[in-house]
Amino acid sequence: MTAQGSQLRFLVFVGSVRRNGMAARVGRFVQKLLETRHHSVEVLDPKELNLGEVIQPLHFYSNPRQVPAILHHINEKIKAADGFVVVAAEYNSAISPASSSLMGNFPQSSYAYRPSAIVTYSAGE
Ligand SMILES: Cc1cc2nc3c(=O)[nH]c(=O)nc-3n(C[C@H](O)[C@H](O)[C@H](O)COP(=O)(O)O)c2cc1C
């Protein structure tokens, strides 16, 4: 069992907006795995957040007061996290557009100096 002092806060990014896609399922699997080890986990699901394609990331706003509240909110979660897990299916031999769009809304500095992991999956065909 993990000691109380070493409990970590993870953010799990899932990367599909497909109806009946597998992303949320894989995200829940990763969440349970980390929770079994007594870490705290929040899953960020682009389908629920509904940010759409990244057009203007947070760090592109010249006036910070115009940044949508949802971007500020997620950015604070990213900055507060101890580590990240990116749950990504392969889409045309690359990361899925939904993953890339979600994560691309935030500056590199928000993610910096924390460990990250990638969990990939496929349809198994
Ligand atoms: C547009 C698209 C492109 C894909 N490209 C690949 C690919 O290059 N290689 C691969 O192994 N699987 C590929 N797949 C299969 C996906 O990895 C598989 O369907 C996976 O379940 C998709 O994740 P999701 O269900 O969470 O959306 C692709 C699927 C889609 C819809």
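**Figure 1. Leucine 34 and its neighbours.** In this predicted model, leucine 34 touches Phe10, Val12, His39, Val41 and Val85, leaving aside residues up to four places away in sequence. Here a contact means heavy atoms within 4.5 Å. Leucine 34 is part of helix H1, which runs over residues 23–36. How accessible is leucine 34, and does that make it buried or exposed? Its relative accessibility is 14%, so it counts as buried, the cut-off for buried being under 20%. For a sense of scale, glycine 15 is 19 residues from leucine 34 along the chain, and their C-alpha atoms are separated by 18 Å.

Figure 2. Let us turn to helix H4, which covers residues 97–104. Which residues of H4 are buried? They are Ala98, Ser99, Ser101, Leu102 and Met103. These buried residues pack against four strands and helices that you can pick out by number, among them strand S1 (9–14), strand S2 (40–44), helix H2 (46–49) and strand S3 (83–91). Strand S4 (94–95) and helix H5 (108–111) also pack against the buried residues of H4.

**Figure 3. The largest nonpolar core.** This view gathers the 17 residues of the largest nonpolar core. Which members touch the most other members? They are Leu11, Phe13, Ile78, Phe84, Phe106 and Tyr111. At least two residues of this core come from each of S1, helix H3 (69–80), S3 and H4.

**Figure 4. Phenylalanine 106 up close.** What does phenylalanine 106 touch, once residues up to four places away in sequence are set aside? Its partners are Leu58, His59, Leu71, Ile74, Asn75, Ile78 and Tyr111. Two of these partners, Ile78 and Tyr111, are listed with Phe106 among the core residues that touch the most other members.

**Figure 5. Asparagine 50, a loop residue with positive phi.** Now for a loop: asparagine 50 sits between H2 and H3. Asparagine 50 is not a glycine, yet its phi is positive, at about 55°. Asparagine 50 counts as exposed because its relative accessibility is 64%, and the cut-off for exposed is over 50%.

Figure 6. Where does tyrosine 113 lie? Look in the loop between H5 and strand S5 (116–121). Tyrosine 113 has a phi near 65°, a positive value in a residue other than glycine. Is tyrosine 113 buried or exposed? With a relative accessibility of 84%, tyrosine 113 counts as exposed.

**Figure 7. The whole chain, for orientation.** Stepping back, the chain has five helices and five strands, and along the sequence they follow the pattern β-α-β-α-α-β-β-α-α-β. The C-alpha trace spans about 45 × 45 × 20 Å along its principal axes. A compact globule of 125 residues would have a radius of gyration near 14 Å, and the 15 Å of this chain agrees with that. Buried residues account for 37% of the 125 residues. Of the contacts between residues at least 6 apart in sequence, 80% join residues at least 24 apart. The accessible surface comes to about 8,100 Å², and 52% of that surface belongs to carbon and sulfur atoms. As for charge, the chain has 12 positive and 9 negative charges, whose mean positions are 3 Å apart.

How values were computed
Residues numbered from 1 in each chain as written. Predicted model: local features only at pLDDT ≥ 70, side-chain atom pairs only at ≥ 80, totals over all residues. Heavy atoms only, no water. Rg over C-alpha atoms; globule rule 2.2 N^0.38 Å. Buried < 20%, exposed > 50% of the residue type's maximum accessible area, 1.4 Å probe, protein only. Areas by Shrake-Rupley, 256 points an atom, 1.4 Å probe, with all protein chains shown as cover. Lys, Arg positive; Asp, Glu negative; His and termini not counted. Charge placed at Lys NZ, Arg CZ, Asp CG, Glu CD. Core = buried A, V, L, I, M, F, W, Y, C linked by side-chain atoms within 4.5 Å.
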